[in-house]
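Morning, everyone. Please bring up the sequence and the model on your screens, and follow along as I talk.

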Amino acid sequence: MKLVVIESPFAGNVERNLRYARAAMADALHRGEAPFPSHALYTQPGVLDDGKPEERALGIAAGLAWGAKADLVAVYTDLGSSSGMMYGTEAAYERGACVEYRTIPGWGSICGTKKSSFGEHSPIARLGRCSNCCAPDEEI
């Protein structure tokens with residue numbers, strides 16, 4: 001099995017984003033991979049508090065340490081890209097890791113104004129906003 005770091009959003013709509021991280025793990029497992037989503041594990045109650053800068057930094061450092069051993073970094077993009085995802089992806093490129101961008105069927109957000117899928121409107125770093133109309137996205 002390939003060791004795969006999962007990059008997906010955490011901040012913002014945390015409940016939805018954790019559901020998405022679980023879907024990303026399931027997707028990777030069904031590809032025959034061993035996924036590791038540090039952001040979904042280290043932020044569990046009683047582990048680290050992502051709202052405290054020193055604990056967030058500790059979680060990022062631990063995730064990057066695991067990432068250095070990974071065969072692949074899988075960046076799941078259906079919900080956009082957060083600053084943490086971009087940081088992890090840049091670190092992967094810097095160390096020469098293989099980076100693959102993925103989507104999960106059924107997870108494309110809906111543009112709040114035009115009711116179009118992100119096939120027409122691309123997500124932006126500000127999670128939950130359409131890059132064309134800046135309207136808030138609705139959960140599906």
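A word on the ground rules. This is a predicted model, so local features need pLDDT of at least 70, side-chain atom pairs count only at pLDDT 80 or more, and totals for chains, interfaces and linings use all residues. Residues are numbered from 1 along each chain as its sequence is written, and side-chain values use heavy atoms, with hydrogens and water left out.

Start with the fold. The protein chain has four helices and six strands. Both come from DSSP runs, numbered from the N terminus: helices are H or I with at least four residues, strands are E with at least two. Read from the N terminus, the order is β-α-β-α-α-β-α-β-β-β. The chain has 140 residues, and 41% of them count as buried. Buried means under 20% relative accessible area, exposed means over 50%, and partly exposed is in between, using a 1.4 Å probe and protein chains only.

Now contacts, meaning heavy atoms within 4.5 Å. Take the contacts in the chain with a separation of 6 or more. Residues 24 or more positions apart account for 66% of them.

Next, a helix pair. Two packed helices are described by the angle between their axes and the distance between the axes. Ours are α3, residues 53-67, and α4, residues 83-94. Their angle is about 35 degrees, and their axes are 11 Å apart. Axes here are lines fitted to C-alpha atoms, for helices over the stretch in contact, and angles run from 0 to 180 degrees between N-to-C directions. Which residues of α3 and α4 make the contact? From α3, they are R56, I60 and L64. From α4, they are S83, G84, Y87, G88 and A91. By type, that gives four nonpolar, three polar and one charged. Nonpolar covers Ala, Val, Leu, Ile, Met, Phe, Trp, Tyr, Cys and Pro; charged covers Asp, Glu, Lys and Arg; the others, Gly among them, are polar.

On to the rings. A pair of aromatic rings is described by the distance of the centres and the angle of the planes. Rings of Phe, Tyr and Trp (its six-membered ring) pair if their centres lie within 6.5 Å. Planes under 30 degrees apart are stacked, over 60 edge-to-face, and the rest tilted. The whole structure holds four aromatic pairs. One of them joins Y20 and W107: edge-to-face, 5.0 Å centre to centre, with 65 degrees between the planes. This pair links distant parts of the chain. Y20 sits in helix α1, residues 14-30, while W107 sits in the loop between β4 and β5, 87 residues apart. Buried or exposed, what are Y20 and W107? Y20 is buried because its relative accessible area is 0%. W107, at 19%, also counts as buried.

Now charges. A salt bridge is a side-chain nitrogen of Lys or Arg within 4 Å of a carboxyl oxygen of Asp or Glu. The count is six. In one of them, D27 meets R31 at 2.8 Å, N to O. D27 is buried at 18%, and R31 is partly exposed at 42%. Another joins E33 to R102, with the closest N and O atoms 2.7 Å apart. E33 lies in strand β2 and R102 in strand β4, so this pair ties together parts 69 residues apart in sequence. E33 is buried at 6%, and R102 is buried at 3%. R102 also bridges to E100, at 2.7 Å. E100 is partly exposed, at 29%. Shared partners join D27, R31, E33, E100 and R102 into one network.

Last, two single residues. A21 is in helix α1. With a relative accessible area of 0%, A21 is buried. Which residues does A21 touch, leaving aside neighbours within four places in sequence? They are S8, H39 and A40. A21 and Y76 are 55 residues apart along the chain, yet 8.5 Å separates their C-alpha atoms.

Then there is G96, in the loop between α4 and β4. G96 counts as exposed because its relative accessibility is 62%. From G96 to A68 is 28 residues in sequence and 9.7 Å in space, C-alpha to C-alpha.
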